[in-house]
Amino acid sequence: MAGAHKGCSPRCSEEVLVTLTVFGALFAASVGISVTPGPETMLVLRYGALRRRAGLFCTTGTALGALGWAVLAITGVAAIMQREPALLAAVKTVGGIYLLFLGAKAAYPLLRSWWATRRARSRGGMLTAATASGAAAGAGIGAPAGTASTGALDLGEVNASLRTPSALSSFTTGLFTALTNPKSGLFFLAVLPTFIPADPALLDYAIVVGTIVGCLGLYAAGLALVADRVSTLLRTPRADIVLDIVSASVLGILGVLILAL
């Protein structure tokens, strides 16, 4: 990446060198990377479907994480990470483990409710058998069907704990996921030199970084709003459970892929 010329005058340092042609290419590249699915996309969709506010706070966290990687790329830290395989592997490991943790966190209430349902049905079956046996002995007839509890799962009650993510947890989850995704740093490291002119002014950096981060943030915010709208129209306890199963599965798969690649 070309750095600023040491002998540049104050007027030169204030001159914007990014042309309209370069900005058009930059905008196209920013839109392209924004619509490319990744861990941040899955998280924004999940939190947006849970609650609009949570989705927007998660979006803010992911955008701030992208800004952090852009700053690291500009200052050369991302380049150092690329030259140090051990450091890059450490970031990938942390990111992969964190995604696995998020997947397990989403799956845990589902597994817990499933186990509780099994136990409830088991106890209901035992009570039904005991009631039927007593009725047959006393009256000589079978127990009426459906008189005992079946132990059916109250999906709305079980899923209530998954519907209340706090603003802080949504923000920190988005931020930490973005910061531990080394692909973001490598993207900025590859893209920024292409669009940063020689002898760039501070405003040139601001335009390039702002365009990329802005596109990422606006696209993610749009996803969060769409997810909230769709989930509101289709929200049922069973649909919520399906969303959590898909989220847990995708986050777990992404975590494994990041660790493996």
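Here are my notes, from the overall picture down to one residue.

1. Ground rules. This is a predicted model, in which local features need pLDDT of at least 70 and side-chain atom pairs count only at pLDDT 80 or more, while totals for chains, interfaces and linings use all residues. Residues are numbered from 1 along each chain as its sequence is written, and side-chain values use heavy atoms, leaving out hydrogens and water.

2. Overall make-up. The protein has eleven helices and zero strands (helices are DSSP runs of H or I, at least four residues, and strands are runs of E, at least two, numbered from the N terminus). Of its 261 residues, 37% count as buried (under 20% relative accessible area; exposed is over 50%, partly exposed in between, with a 1.4 Å probe and protein chains only). Take contacts (heavy atoms within 4.5 Å) between residues at least 6 apart in sequence: 89% of them join residues at least 24 apart.

3. Helix H3. H3 covers residues 39-50 and is mostly covered, with eleven of its twelve residues buried. Among them are Met42, Val44, Arg46 and Leu50.

4. H3 against H8. H3 and H8 (residues 167-179) pack at an angle of about 170°, with their axes 9 Å apart (axes are lines fitted to C-alpha atoms, for helices over the stretch in contact, and angles run from 0 to 180 degrees between N-to-C directions). That makes H3 roughly antiparallel to H8 (angles over 145 degrees). On the H3 side, Pro39, Glu40, Leu43 and Tyr47 meet Ser170, Thr173, Thr177 and Ala178 of H8. The residues of this contact divide into four nonpolar, three polar and one charged (Ala, Val, Leu, Ile, Met, Phe, Trp, Tyr, Cys and Pro are nonpolar, Asp, Glu, Lys and Arg charged, and the others, Gly among them, polar).

5. Glu40. Is Glu40 buried or exposed? Glu40 is buried, with a relative accessible area of 16%. Its side chain makes a polar contact with the side chain of Asn181 at 3.3 Å (a pair of N or O atoms within 3.5 Å; within protein, one must be able to donate a hydrogen and the other to accept it, and residues adjacent in sequence count only if both atoms are side-chain atoms). Neighbours within four places in sequence aside, Glu40 is in contact with Thr62, Thr177, Ala178, Asn181 and Ser184.

6. Helix H9. Ser184 is one of the buried residues of H9, along with Phe187, Phe188 and Leu192, among others.

Technical notes: Parallel < 35°, antiparallel > 145°, perpendicular 65-115°, else oblique.
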